[in-house]
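Hi,

Here is the structure I promised to pass on to you. Please have a look at it first, and then read my notes below.

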Amino acid sequence: MATVASPHSGTAAPDPHASYLAQKGLASWLFTLDHKRIGVMYLVAVLVSFLLGGIMAILVRLELLTPGRTIMDATTYNHVFSLHGVIMVFLFIIPSIPAAMGNIMLPVQLGTIDVAFPKLNLASFYIYCFGACFGLYSMIHGGVDTGWTFYTPYSSKFSNSAVIPMIGAAFIMGFSSILTGVNFIATVHKMRAKGLTWRRLPLFCWALYATSIIQVLATPVLAITLLLLIFERVLHLGIFDPSMGGDPVLFEHFFWFYSHPAVYIMIVPAMGVVSEIICTFSRRAPFGYFFIAMSSLGLALLGFLVWGHHLFVAGMSEYSTMVFSALTFLVGIPSGVKIFNWIATLYKGSIDLRSPMLYGLGFIFLFTIGGLTGLFLAMLAVDVHLHDTYFVVAHFHYVMVGGTVIAFVGGLHYWWPKFTGKMYDEGKARIAFVLVFIGFNVTFMSQFILGSRGMPRRYYDYLPEFTTLHQVSTVGSWILGVGFIVMLVMFIESLASGKKATNNPWGSVALEWKTPSPLPLHNFLKVPVVTKGPYDYHLATEEELSED
Amino acid sequence: MTSEAAAADEYEHKEGDGHDHGHGHDHPKYLAHHFDTPAQQFDAAKIGMWAFLVQELLFFSGIFVAYGIFRSWYPEMFSAASHQLNRLMGAGNTIVLLFSSLTAALAVRAAQLGQKRNTSTYIILTILCAFTFLVVKYFEYHHKFEAGLLPGQYFHPDHHHLVAGSPELPGNSHIFYSLYFMATGIHGVHVAVGIGVFIWILRRNERGDFSKDYYTGVDLTALYWHLVDLVWIYLFPLLYLID
Ligand SMILES: [Cu+2]
């Protein structure tokens, strides 16, 4: 194939047909405007954060192995669980799927060469890093003991920990998230390949689009909230301080106006990944494509109307609690639409149980439990009992870990050949899945029981009757940890000595599998013109489905 | 090779476009390499800017909601505390900002018509208005500092500096000034950022970056400026004109 000189610039431009990984040298990474490389840098950053947050989680569980002191004192424990929350939420989960995986896959799925604003994309990454530095500074200089929710007046008046740099970190990283959202919205609107109509848009793109809308609409509210909190702590503004005529519950309203939609920033892209995996490994078009796509937007919209369910016992009026409870139940509709449509997609599909699909199915199972237990908490009378117990902890871990992390890992397995050009060891991948799946359920199923029996969350100590369940949960965390270590080893082995990946190792008909692995510099060797949908298996030729 | 052949079969490609993703000979200098047409680039920039402005609105919304809640709780306090703000300066600043929005819009018009000198003139006028706004704001702040009308715990009204004949300030008036300083402070930062961006756009205009066919930078900066103006148009009556 003849090489065409690239006319970007006078200097020796890299060959657009070469792999995006071909160029060497640190500067070629740090100053890159290539969405794929920026995505890879995000990927490394979020994986390091995940490791850090994971270590904190293991420490928290270890401390809870026995009542009273096990390995650390109560103050340290408060710091460790707070850091676990802050790191996992702000440094890992929020950027995990959209900014890392979405950055790499969105332009490829759209059949284009880059996101709409490549410089802004790189700036978003550095803003994230800048925020992470603040977080690191806070960790070194005292950490935080407020929990990831920074509730006032404790965070504004009483905590002696390094709250300001940590809030600053979340504030700054918020802008990274907003700018990524702005970038993706413009990208989905204006960068689609010729023939890629909205009705042919891959479901992952729909999910990223819905997520971006939430990022743009919700994150600024967090930004102003955290800014007010910083000034409340520095200047004692008084607006969150009851002794000065302010209102601490106002902070909770502000915080959850962001943080409930933020849960959808975390879960909606995960659902997008699962939609892709389910279709590819069932060799079928999704059942109800349009409804799956619209349910992402539905979740984005409903997400803004339900924040009050975090304040049922914070002194809201009875009337508001009823409204918020009813609205929260509505969230079950778009979530249910997705679950049922995925299951209907599986029905009579030609199911292939390779590792990405295991995670896809694992997601359906675990997210269903996470979603349904959310309805328990949305019920007013039940919430009074379960509020601030381990039931809540278990519920959101089923959604965030059982949902988002499982989908993130599933997506990593699924697109790994595209990212790296290497295959991984399927056997080890399956072992890792089994360990993660069992470990996760052992860890958190026991916490549902603990919570329903009244074990409050965030406590350092507990009554002796909770010992067994706490120990089961801690042992579960070890199995989960081992599962992730096996996975890490498997991925490192793949990078070092993995078999070369074919262009289409899963036999998918979606656009991203028609281009070489690893992705070429310009994503495609020829400008793609889309003539059919991403899941049109019924129109596929033998050659398209071929795995080599 | 099989893969490339498959890709070629499946996806027709435009004749003459070859492999270079639209890097045709008619690719103007201002067109970034990942866009096909100037219109696509302009539309993308416009959508991005509107999305950004929406987030700006939501950013300010937190302050407005806090304002609404506390005003409904303490209406008398808000009315008394508002008395201490200088309406003349506030109204003057409103006129200055409104005028600067006009000059910003005229700068866009001049850029669209390719009138480089007029564009520069209007941008300079806009920048001057923005500076005027900040100078007036400085004198307002200065008076508040002298009178001890400060946010939160630093609130210590000095009766010599208060407006003569004004109603007694209730004890929780610090909340009004907390919100006043947060709102006008954040708005002021936006004005300052606007000045910086306009100076950059002015330099680009002088350098000859813009033309009838490409004036995105001027257009987007003016959009941002209108938002800064709009926020002030709400802040002025809410803070200065309540009684
Ligand atoms: Cu919620």
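Predicted model: local features only at pLDDT ≥ 70, side-chain atom pairs only at ≥ 80, totals over all residues.

Along the sequence, the donor residues of the copper ion follow the spacing H-x48-H-H. The donors are A:His260 through ND1, A:His309 through NE2 and A:His310 through NE2, at 1.8 to 2.0 Å from the copper ion. Of these, A:His309 and A:His310 are both buried.

Next come the aromatic rings. Searching the whole structure gives 66 aromatic pairs over all chains. One of them joins A:Phe257 and A:Trp307 in an edge-to-face arrangement, with 5.3 Å from centre to centre and 70 degrees between the planes. A:Phe257 belongs to helix H8 (residues 248-282) of chain A, while A:Trp307 is in the loop between helix H9 (289-302) and helix H10 (318-330) of chain A, so this pair ties together parts that are 50 residues apart in sequence.

Another pair to look at is A:Phe365 with A:Phe437, which is tilted: the centres are 5.7 Å apart and the planes make 45 degrees. Here helix H12 (residues 355-378) of chain A supplies A:Phe365 and helix H15 (residues 426-452) of chain A supplies A:Phe437, so the pair ties together parts that are 72 residues apart in sequence.

In chain A, the charged end of A:Arg37 sits over the ring of A:Trp29, 4.2 Å from its centre. In chain B, the charged end of B:Arg204 sits over the ring of B:Trp200, and the distance to the ring centre is 5.1 Å.

On to chain B as a whole. Of its 243 residues, 51% count as buried.

Finally, the surface of chain B carries a nonpolar patch of about 450 Å², made by B:Leu57, B:Leu98, B:Leu230, B:Ile233 and B:Tyr234. Which helix gives the most to this patch? That is helix H7 (residues 216-240) of chain B, with three residues. B:Tyr234 has its place in helix H7 of chain B, and B:Tyr234 counts as exposed because its relative accessible area is 51%, where the cut-off is over 50%.

Note on methods. Residues numbered from 1 in each chain as written. Chains lettered and ligands numbered in written order. Heavy atoms only, no water. Donors = N, O, S within 2.8 Å, 3.2 Å for Na, K, Ca; no water. Buried < 20%, exposed > 50% of the residue type's maximum accessible area, 1.4 Å probe, protein only. Patch = residues over 30% accessible without salt bridge, like charges linked within 9 Å, V, L, I, M, F, W, Y side chains within 5 Å. Areas by Shrake-Rupley, 256 points an atom, 1.4 Å probe, with all protein chains shown as cover. Salt bridge = Lys/Arg side-chain N within 4 Å of Asp/Glu carboxyl O. Helix = DSSP H or I, 4+ residues; strand = E, 2+ residues; numbered from the N terminus. Phe/Tyr/Trp six-rings, centres within 6.5 Å; stacked < 30°, edge-to-face > 60°. Lys NZ or Arg CZ within 6 Å of the ring centre and 35° of its normal.
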